[in-house]
Structure formats: C-alpha cells, structure tokens
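Let us walk through a protein chain, from its overall build down to single side chains. Keep the sequence and the 3D view side by side.

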Amino acid sequence: MESEGYAPFPYQGDTFQTYYKIYGDLNDPSRTPVVVIHGGPGLSCDYLYTLAELAKQPYTVILYDQIGNAHSTR
C-alpha cells in the first residue's frame, strides 16, 4: 500500500504544506511506523525511496519533505 499527499502546517497565521509519502498501512497496529527525515537544506526525500523496502517487513515507512524543500511549501 502506498499513498502520498500534503499535510497542513499552520504557523503564525499562515498555512504551509508538508509533502509526505507513506509505504504500508498506518491503520495496522501490528506495523511499527518509521519516520525518515532527509538531510538538507535543499534536499528532498526522493533519495530515500529505497527505504520503502522496509514496508515489506512489519513496518510502515513515512517519508516527507521538510518545509522549504522539494514538494513542500518554500
């Protein structure tokens, strides 16, 4: 299972968008969520897609682009 989208990030009266991509099922309590944070500044989570392989085991992998990077609000 794979999904992606944008999560709102409100800050000082503005709302920014944080891009995320999820591999696995967050609603399955038998799967441990793993949040992967990319380096930066200026990088995206794209180079970490190989970690999606963890979703073949009992993990749900959550990748996201930090605010100011790649698909998230700049």
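What percentage of the contacts in the protein chain with a separation of 6 or more comes from residues 24 or more positions apart? The figure is 57%. Bear in mind that this is a predicted model.

Start with the secondary structure. The protein chain has 4 strands and 0 helices. Read along the sequence, the pattern is β-β-β-β. Strand β1 covers residues 2-11. Strand β2 takes in residues 14-23. Strand β3 runs over 32-37, and β4 over 59-64.

Now the overall dimensions. The C-alpha trace spans about 40 × 25 × 15 Å along its principal axes. The chain has 74 residues, and 30% of them are buried. Its accessible surface comes to about 4800 Å². Carbon and sulfur atoms account for 56% of that surface. As for charge, there are 4 positive and 8 negative charges in the chain. Their mean positions lie 5 Å apart.

Next, the aromatic side chains. How many aromatic pairs does the structure hold? There are 2. Take the pair made by Y23 and Y49: the ring centres are 6.5 Å apart and the planes meet at 70°, so the arrangement is edge-to-face. This pair links distant parts of the chain. Y23 sits in strand β2, while Y49 sits in the loop between β3 and β4, 26 residues apart.

Are the two partners buried or exposed? Y23 has a relative accessible area of 10%, so it counts as buried. Y49 is at 26% relative accessibility, so it counts as partly exposed. The cut-off between these two classes is 20%.

Stay with Y49. Which residue lies over the face of its ring? It is K21, at 4.9 Å from the ring centre. Leaving out residues up to four places away in sequence, Y49 touches Y19, K21, Y23 and L63. Consider L63 in that list. Y49 and L63 are 14 residues apart along the chain, and their C-alpha atoms are separated by 8.0 Å.

Move on to Y59, in strand β4. Its relative accessibility is 28%, so Y59 counts as partly exposed. Which residues does Y59 contact, once neighbours within four places in sequence are set aside? They are Y23, R31, T32, V34 and L54. Y59 and V34 are 25 residues apart along the chain, yet their C-alpha atoms are separated by 6.7 Å.

Look for L54 in the loop between β3 and β4. With a relative accessible area of 28%, L54 is partly exposed. Neighbours within four places aside, L54 is in contact with Y59 and V61. V34 comes up again here. L54 and V34 are 20 residues apart in sequence and 8.8 Å apart in space, C-alpha to C-alpha.

Turn to the backbone. Q12 is not a glycine, although its phi is positive, at about 45°. Q12 lies in the loop between β1 and β2. Is Q12 buried or exposed? Its relative accessible area is 67%, so Q12 is exposed. A70 also has a positive phi of about 45°, and it is not a glycine either. A70 is found in the segment after β4. At 23% relative accessibility, A70 counts as partly exposed.

Finish in that segment with S72, which also lies after β4. Is S72 buried or exposed? At 4% relative accessibility, S72 is buried. What does S72 touch, not counting residues up to four places away in sequence? Its contacts are Q17, T18, Y19, D65, Q66 and I67. Y19 is also among the residues that Y49 touches.

Then return to Y49, step to Y19, and from Y19 go on to S72.

Terms used: Residues are numbered from 1 along each chain as its sequence is written. This is a predicted model: local features need pLDDT of at least 70, side-chain atom pairs count only at pLDDT 80 or more; totals for chains, interfaces and linings use all residues. Side-chain values use heavy atoms; hydrogens and water are left out. Helices (H or I, at least four residues) and strands (E, at least two) are DSSP runs, numbered from the N terminus. Buried means under 20% relative accessible area, exposed over 50%, partly exposed in between (1.4 Å probe, protein chains only). Contact means heavy atoms within 4.5 Å. Accessible areas come from the Shrake-Rupley method with a 1.4 Å probe; for residues, only the protein chains shown count as cover. Lys and Arg count as positive and Asp and Glu as negative; His and the chain ends are not counted. The place of a charge is taken as NZ of Lys, CZ of Arg, CG of Asp or CD of Glu. Rings of Phe, Tyr and Trp (its six-membered ring) pair if their centres lie within 6.5 Å; planes under 30 degrees apart count as stacked, over 60 as edge-to-face and the rest as tilted. A charge sits over a ring if NZ of Lys or CZ of Arg is within 6 Å of the ring centre and within 35 degrees of the ring normal.
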